[in-house]
Structure formats: structure tokens, C-alpha cells
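Colleague: I'm new to this. Could you show me how to read a model, one feature at a time?

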Amino acid sequence: MIQDFKKIGIGLTACGLGFTFLGIILLFDAALIAMGNILFLSGVTLVIGPQRSVTFFFQKKKLKGSIVFFVGIALVLIKWPVIG
């Protein structure tokens with residue numbers, strides 16, 4: 001049986017992907033993409049747990065990709081969605 005946190009996390013991840021997709025379809029709407037990023041990250045954190053998500057994003061061989069990912073989220077949050 002799936003725990004309640006994982007059910008909520010799956011829902012948040014799906015909503016995050018949906019918001020991101022809609023933001024891209026609607027000519028890079030910064031608000032939708034930012035909401036999608038926040039929902040996606042919080043959903044992934046709830047699905048795999050906070051400890052495992054931190055270790056996933058900050059592994060030594062994945063550090064460059066994580067930095068690019070978080071810089072992209074920061075660019076979207078400061079209203080530069082095309083670059084982010």
C-alpha cells in the first residue's frame with residue numbers, strides 16, 4: 001500500500017509537470033512555469049523523502065547538472081522563463 005505522503009507527492013509531481021507544460025505552451029508564462037517547478041520539487045521530495053532527495057541532487061557526479069537545474073529554477077522565479 002502506498003503511504004499518504006507518496007500519494008500526495010505523486011499528485012504534486014503530476015501537477016508540477018502539468019503546470020510546466022501549460023507554461024511552455026502559453027508562450028513561456030513565467031508564473032505557470034515557476035509554479036510547476038515548485039510543485040515538481042516538492043512532489044519529488046515527498047515521494048522519495050527529504051534525505052534521499054538531498055543526496056540525489058548533491059551527488060558528486062551529478063553536481064553540475066543539479067547546479068544548472070537550480071539556476072534554471074532561479075531564472076524562472078526572477079521572471080526570465082525563456083532563459084531558465
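Predicted model: local features only at pLDDT ≥ 70, side-chain atom pairs only at ≥ 80, totals over all residues.

Colleague: Where does Ala30 sit, and which residues does Ala30 touch?

Modeller: Ala30 belongs to helix 2, which covers residues 30–48. Leaving aside residues up to four places away in sequence, Ala30 touches Val76, Lys79 and Pro81.

Colleague: How far apart are Trp80 and Ala30 in sequence and in space?

Modeller: They're 50 residues apart in sequence, yet their C-alpha atoms are 7.1 Å apart. With a relative accessible area of 47%, Trp80 is partly exposed.

Colleague: How do I check the length of helix 1?

Modeller: Count 1.5 Å a residue: the 22 residues of helix 1 (residues 4–25) should span 32 Å. The end C-alpha atoms are 32 Å apart, so that agrees.

Colleague: Which residues of helix 1 are buried?

Modeller: Gly9, Thr13, Gly16, Thr20 and Gly23. They cover an arc of only 95° around the axis, so they lie on the same side of helix 1. Helix 2 is part of what covers them.

Colleague: What does the face turned away from the buried side carry?

Modeller: That face of helix 1 carries the exposed residues Asp4, Phe21 and Ile25. Just after helix 1, look at Leu27, which has a positive phi of about 60°.

How values were computed. Residues numbered from 1 in each chain as written. Heavy atoms only, no water. Helix = DSSP H or I, 4+ residues; strand = E, 2+ residues; numbered from the N terminus. Contact = heavy atoms within 4.5 Å. Buried < 20%, exposed > 50% of the residue type's maximum accessible area, 1.4 Å probe, protein only. Expected span 1.5 Å × (residues − 1). Arc of directions from axis to C-beta.
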